[in-house]
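Thanks for making time this morning.

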Amino acid sequence: MTAEELWKKSGLEGKYEAWAFGGAPDKLAKLVLKGIKTATCSAYELYQVENEPIPQVGDYSVILDSKDNAVCIIQTTKIYIAPYSSCSKEHAYKEGEGDRSLQYWKDVHKEFFTDEMKSINKSFDENMLLIYEEFVVVYK
């Protein structure tokens, strides 16, 4: 099912973005469906470079798998911008990956953001700003 089809089926109104999680979109989408993954983060600088608005509380997103199939719809409940180095144990746990520890989060995200920053000819830095986001599933 496409993002548009799922959006229409949901009966929700307003605007939405459709996107897949980076790194392991299928695995992460499944964690969202199971209620394990309730948070994510992204590099603030990428939004600046691409001149895109940052996510806002109340935003809807259709989560896609690796084949662009719509999996579910989430709504953003919390946004904050802070350095990579200040990620909390609570946020790492809410991201739902691996053993849900802060150390696991740091290891996986350092590798992920190193690759992301290379795409804009920048280097990973532990002080780089991230957009931390929390969400709830509003439609499966």
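Predicted model: local features only at pLDDT ≥ 70, side-chain atom pairs only at ≥ 80, totals over all residues.

The structure holds 0 disulfides, a disulfide being a pair of cysteine sulfur atoms within 2.5 Å. C41 is in no disulfide, and the nearest cysteine sulfur, that of C87, is 6.6 Å away. C41 is buried at a relative accessible area of 10%, where buried means under 20% relative accessible area with a 1.4 Å probe and protein chains only, and C87 counts as buried too, at 6%.

Residues are numbered from 1 along each chain as its sequence is written, and side-chain values use heavy atoms, leaving out hydrogens and water.

Now to strand β2, residues 39-43, strands being DSSP runs of E with at least two residues and helices runs of H or I with at least four, numbered from the N terminus. In a regular strand the side chains alternate between the two faces of the sheet. In β2 both faces are covered, with A39, C41 and A43 buried on one side and T40 and S42 buried on the other. Strand β5, residues 129-139, runs antiparallel to β2 and is joined to it by 5 bridges, pairing requiring at least two DSSP bridges, and S42 stands opposite I131.

Finally, E95 in helix α4 is buried at 1%, and among the residues it touches, with heavy atoms within 4.5 Å, are A39, T40 and C41.

How values were computed. Buried < 20%, exposed > 50% of the residue type's maximum accessible area, 1.4 Å probe, protein only. Lists of a residue's contacts leave out its neighbours within four places in sequence.
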